[in-house]
Amino acid sequence: MSYSAFRTFLSISAAALCTLHQPWLSAQDIDRTVLPIPPAPFRGTVGTTYATSTPSPASPVEAPAGAPNVLLVLIDDAGFAQSGTFGGLIPTPTLDRLAQNGLRYTRFHVNAMCSPTRASLLTGRNHHNVGMGTITNWSTDYPGYNAAIPKSAALVSEVLRDNGYSTAAIGKWHLIPERENTLSGPFDHWPTHQGFNYYYGFLNGETSQWFPELTLGTQPVEMVAPPGRKDDYTLNEDLADHAIEWIRSQKSLAPSKPFFLYLATGATHTPLQAPKAWIDRFKGQFDMGWDRYRELALERQKKLGIVPPDTKLTPRPASIPAWDSLSSDQKKVAARLMEVFAGFMAQTDHEIGRVIDAISATGQLDNTLIVYIAGDNGASLEGGLNGAVNAMSEINGLPEETSSMLAKLDLLGGPRTTPHYPVGWAWAGDAPFQWGKRIGSHLGATRDPLVVSWPSRIKTVGEVRTQFEDVTDIAPTILEVAKVPQPVSVDGVRQQPMDGISMTSTFDSATAPGKRTTQYFEMMGNRAIYNDGWIAAARSGLLPWIYSTAPESMMQQPWELYNIGDDYSEADDLAVKLPAKLHQMQALFDTEAKKNHVYPLDPRIAGRQERVRGKHFTYYAKTGHLYLSMTPQYENHSHAITAYVDIPAGGADGVLLADGAEGGGFSLFIKNGRPTYTYNFFQRTITTIAAHDPLPPGPAKIRMQFDYDGGGVGKGALASLYVNDKLVDKARIEHTVPLAFSFEDTFDVGEDSASPVGNYESPFPFTGIIRHVDFDILD
């Protein structure tokens, strides 16, 4: 038998087996463990004409009777003690409303960074088990860290879609391996190829609220503000608008079909941005500082029954300054940055409320399961000790002077800043726990608020649930309430078992026995193991606000031991008192780590992922929208950009090649017919060189040569601009980018998407013809 004949035989046999699974079964009796569900066999008759034939109408797959709609909401980078619903000082009335009509879970756990939590949330598997040991941007080639969710771990969206649900994802994705995050594909890990019929949002880890990098399906798009709203319309509102539009459309076109909507906001991830009216609501409300904030939050948590009455407040780490040690000006800046964060979170909760109101307006709220997770990890400790007006400047090791930040106080959160708040505020937002985002060894990074509401099903409303739950439990819970089994096979691929356990038993009873007895945690070498009320933990030692290579002393921090059944906040370390118990827990971690592909532990940030290799690159318009790892490594190198263009009779303007954003970057463009190059050094200095005369019609060669001084990183350079091989302008640039202009604003050819680098309005597409653009690394 030939290979092609053998493949045909296999496909026919598989189809026959699937048909045997579903012989004339009703919608409630079909086998839903093998997906997609095959269509019913033709049961009509075929004569020579339609008059002598009997049709056999093909019915689409229907969801099980009574299957609810599902709204899954995920907030970004929010801590346990930030939302008012869980004792924080930021009002979250939408979350309050859901809690009053649902349940609050106070021992719910996530992973310590964005992509890993999202992978576990949507697959129901431990993050290393699906290759998402860290964020996609820091992937490596080891099985637990390759950032490629395997076909053996179908997302809950795929399972629901194949069982008769309408599906949509709106907002942050952050689950695509960076090598696949280009417009040339492959698109296997993009939302519309993983079970979502509709996608609108941003694909990477963060984006500007004012100038977001957006994708509709698989195509880049720009956010369009309603008329007259350019100065106060941000991504938060835009995502809600698209969610509302999709809900209304879905209930108009398929009213009897349940929906699954995954709404993942960009908030409250940096850049912290919101309309000024939202920010100003909190003026003066955080002047007490982060130490007092933690005390107030714990008092509120106890009153609300969020934490046990005997919960202790864990002490401030020595590496985080006391509020009282700050100068008066530092306090003013820090307090305003917290006001920006609070406005951002409050606006986010409001916009989610609009989406829920839209569901209610369709008459569907009673039969909608709403899962609202207020944080994909703890609050972000990545903002530096003093915070930042320009977050990428801080990451590049260029902290801003307090006086400079003070001068921009009224601009914070607006379109010209990309702020982050100080580490102290993030630590306060994780009260009563230790640490925060990235430090997956401790509850400050892994315990976040969860509220579940389902009016037609959950009757014990307003109660608190204290069972130990994990983010992997959400997917099996959704499938159970949808009356859909976990599939055995999807698209011909046998499925690996879900690690999550359905939480539905807790819907009816606060005393329902907890089903999860063991759970490991690991992020960037920070690791922990939970078992029957005990947790053992060890930090890597690398602090999240320090971007550097991991020194050899990493991974040498001592293990800690806590009885979190009695010690809710991990305040009393029992490692010295109970060494035998600690050793037992360490052995259990090793077992779980080996089982779940956690090894090798790797605390590094730098050196984890290479940039695209090569010295010569050729681009054709429009071939941009490239994230950092897919761009030439021009930083700290001499390089040249050469554009070959045709200028039409009426002239042409627009961007030829740009990288970065208004907060920092470079752009080679033509404006008023004149070739121009701008180098924006994090808004500290902006250097522009330009031709004196406009280009005449016809072909033109525009070249920018960047001669780097060498001798280290971030040194100076000479930028020279040539038109048709003639030098037209040059300028000295005293300081250049040491690391990267942006992780999220893309490298673009033929336009400058999202936030503009130069003195123009983005995307400023080139109106002539780009034959090609060469990018050469010269040293």
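Visitor: Hi! Quick one to start: is Y568 buried or exposed?

Guide: Hello! This is a predicted model, and in it Y568 has 3% relative accessibility, so it counts as buried.

Visitor: Which ring does Y568 pair with, and how is the pair classed?

Guide: Y568 pairs with F433: the ring centres are 5.6 Å apart and the planes are at 35°, so the pair is tilted. The two residues are 135 apart in the chain. F433 belongs to the loop between α11 (423-429) and α12 (443-446), while Y568 belongs to the loop between β19 (560-563) and α14 (579-595).

Visitor: And F433, buried or exposed?

Guide: F433 is at 0% relative accessibility, so it counts as buried.

Visitor: Which charged end sits over the ring of Y568?

Guide: That would be R447, whose charged end is 4.8 Å from the ring centre.

Visitor: How many aromatic pairs does a search of the whole structure find?

Guide: It finds 31. One of them is W173 with F196, an edge-to-face pair with 5.8 Å between centres and 90° between planes. Both residues lie in the loop between β5 (166-172) and β6 (198-202), 23 residues apart. W173 and F196 are both buried.

Visitor: Which residues form an aromatic cluster?

Guide: One cluster is formed by F617, Y619, Y634, F666, Y677, F747 and F775.

Visitor: Changing topic: how many residues are in the largest nonpolar core?

Guide: There are 85, and the members touching the most others are L71, I90, L261, F286, V355, Y421 and W425. Helix α8 (residues 328-361) gives the most to this core, with 16 residues. A second, separate core has 58 residues, including V70, Y165, I373 and V484.

Visitor: What does I90 touch, leaving out residues up to four places away in sequence?

Guide: Its contacts include F282, F286, M338, F341 and M345. Q82, S83 and G84 are also among them.

Visitor: Now the backbone. Where are the cis peptide bonds?

Guide: One joins T270 and P271, with omega about 0°. P271 is in the loop between β9 (259-264) and α6 (276-280). Another joins Y599 and P600, with omega about 5°, and P600 is in the loop between α14 and β20 (616-619).

Visitor: Which residues other than glycine have a positive phi?

Guide: A147 is one, with phi near 65°. It lies in the loop between α3 (114-123) and α4 (156-161), and at 1% relative accessibility it counts as buried. D532 is another, with phi near 45°, in the loop between β17 (526-531) and β18 (534-538).

Definitions and conventions
Residues are numbered from 1 along each chain as its sequence is written. This is a predicted model: local features need pLDDT of at least 70, side-chain atom pairs count only at pLDDT 80 or more; totals for chains, interfaces and linings use all residues. Side-chain values use heavy atoms; hydrogens and water are left out. A nonpolar core is a set of buried Ala, Val, Leu, Ile, Met, Phe, Trp, Tyr and Cys residues joined through side-chain atoms within 4.5 Å. Buried means under 20% relative accessible area, exposed over 50%, partly exposed in between (1.4 Å probe, protein chains only). Helices (H or I, at least four residues) and strands (E, at least two) are DSSP runs, numbered from the N terminus. Contact means heavy atoms within 4.5 Å. Rings of Phe, Tyr and Trp (its six-membered ring) pair if their centres lie within 6.5 Å; planes under 30 degrees apart count as stacked, over 60 as edge-to-face and the rest as tilted. A charge sits over a ring if NZ of Lys or CZ of Arg is within 6 Å of the ring centre and within 35 degrees of the ring normal.
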